[in-house]
Amino acid sequence: MLLDFRSDTVTKPTPKMREAMAITEVGDDVFGDDPTVNELEKFAADMFGHEAALFCTSGTQSNQIAINTWTNPGDEVICHEESHIYRYEGGGIALNSMCSMRFLRGNSGRINPDEIKGNINPKNDVHYPITSLVSLEDTANRGGGVYYDFNDIKKASKICKELGLPLHLDGARVFNALQENGIDIKEYGAQFDSISICLSKGLGAPVGSVLIGNKDFIQKSRRVRKRLGGGMRQAGIIAAGGLFALQNNIERLAEDHRRAKEVEKILQTKPWIKDVIPTQTNIVVGHLNEGVSEFDVAAKLAEADILCVPFGTGRIRFTTHLDVNDEHIEQLKKVLPDEI
């Protein structure tokens, strides 16, 4: 039995999702007449209490579109130093938007809102780039899937509004956060000016992300998407998978979280593990003992049909998802080696 814990992006669409995709009505989305894409966009926007949304190919694309829409070349974007928009999007901010970054350290991938105001550049001093955007990531991938205290999000939102700065959410796994914090989705969504949600991670759709905001922002973003080659035609086929995911696969994320905590317990029993970041959602990050290579560990585990990912020096990551069940957890307990 192959145990694939590399990422929640490896899931396969379920038979019911495939059926929904097969029978859905389609049109030409660039002309705006694909009914399934339109339904998905309206459904997602309504969920978060915003006016409009834009179907994109990936979370990276929706993040990069948002950044490009909010900024001008030469501006600066504030984010956590471990954020996905900086570390894992191929240098897109520099190439696509020609912006520099201002990094905040915060805690486990989360910005301390009290640090935002002190990192805004003076607008009238030509020596500095103009601060144009603040971005949060919830849950924080590099932080081990931890989620924000909602009071910190509200504080960041209030500060940004006072400063006239848009606040963007990289919400690749936002539903994992919402499943745990119990915050009303509309109240949560009201804190942000733009929101990127991923459909192809824990929700189990094969492709896609949705960018959410007001009508003017989404209209501008649609032009950016076209410029980046993201205009899709009969996209309803894949949008149907995303719509099915939003309508059916949110509550089941709690099962992923429960199993991730089981993985955490299993890892803690292994002598080559120094410690494990306390697991909050579906990501489990283990710190290895000094001198143990994350690449050697991943290779050794692969020999036992256990797939995980090296996650920085001395770290490995396991991720639970739609295609990991209780039988897989029991198998992991049996075959995870004691020695590396």
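Q: Which residue in β5 stands opposite I78?
A: V134 in β5 stands opposite I78. The model is predicted, with local features needing pLDDT of at least 70 and side-chain atom pairs counting only at pLDDT 80 or more, while totals for chains, interfaces and linings use all residues. Residues are numbered from 1 along each chain as its sequence is written, and side-chain values use heavy atoms, leaving out hydrogens and water.

Q: What makes β3 and β5 a pair?
A: Two strands pair if DSSP finds at least two bridges between them. Strand β3 (residues 76-80) and β5 share 3 bridges in the parallel sense, so they count as paired. Strands here are DSSP runs of E with at least two residues, helices are runs of H or I with at least four residues, and both are numbered from the N terminus.

Q: What joins β5 to β6, and how does the chain get from β5 to β6?
A: β5 and strand β6 (residues 167-171) run parallel and are joined by 4 bridges. V134 has L167 as its bridge partner in β6.

Q: What makes β5 a mostly covered strand?
A: Of the 7 residues in β5 (residues 131-137), 7 are buried, which means under 20% relative accessible area, against over 50% for exposed and in between for partly exposed (1.4 Å probe, protein chains only).

Q: Why does N112 count as partly exposed?
A: Its relative accessibility is 31%, so N112 counts as partly exposed. N112 sits in the loop between β4 (100-104) and β5.

Q: What makes β2 and β4 edge strands?
A: In the open sheet of 7 strands the order is β2-β8-β7-β6-β5-β3-β4, with mixed pairing. β2 (52-56) and β4 each pair on one side only.

Q: Why are α7 and α11 called roughly perpendicular?
A: Helix α7 (residues 174-181) and helix α11 (residues 253-268) pack at about 85°, with axes 9 Å apart. Angles of 65 to 115 degrees count as roughly perpendicular, under 35 as roughly parallel, over 145 as roughly antiparallel and the rest as oblique, and α7 and α11 are therefore roughly perpendicular to each other. F175, N176, Q179 and E180 in α7 meet L253, A254 and H257 in α11.

Q: Why are α11 and α13 called roughly parallel?
A: The axes of α11 and helix α13 (residues 326-335) cross at roughly 5° and come within 10 Å. α11 and α13 are therefore roughly parallel to each other. R258, R259, E262, V263 and I266 in α11 meet D326, I329, L332 and K333 in α13.

Q: What makes β9 and β12 edge strands?
A: The open sheet of 4 strands has antiparallel pairing and the order β9-β10-β13-β12. β9 (273-276) and β12 (309-310) each pair on one side only. β9 and strand β10 (residues 283-288) run antiparallel and are joined by 3 bridges, and V276 has G286 as its bridge partner in β10.

Notes
Axes are lines fitted to C-alpha atoms, for helices over the stretch in contact, and angles run from 0 to 180 degrees between N-to-C directions. Contact means heavy atoms within 4.5 Å.
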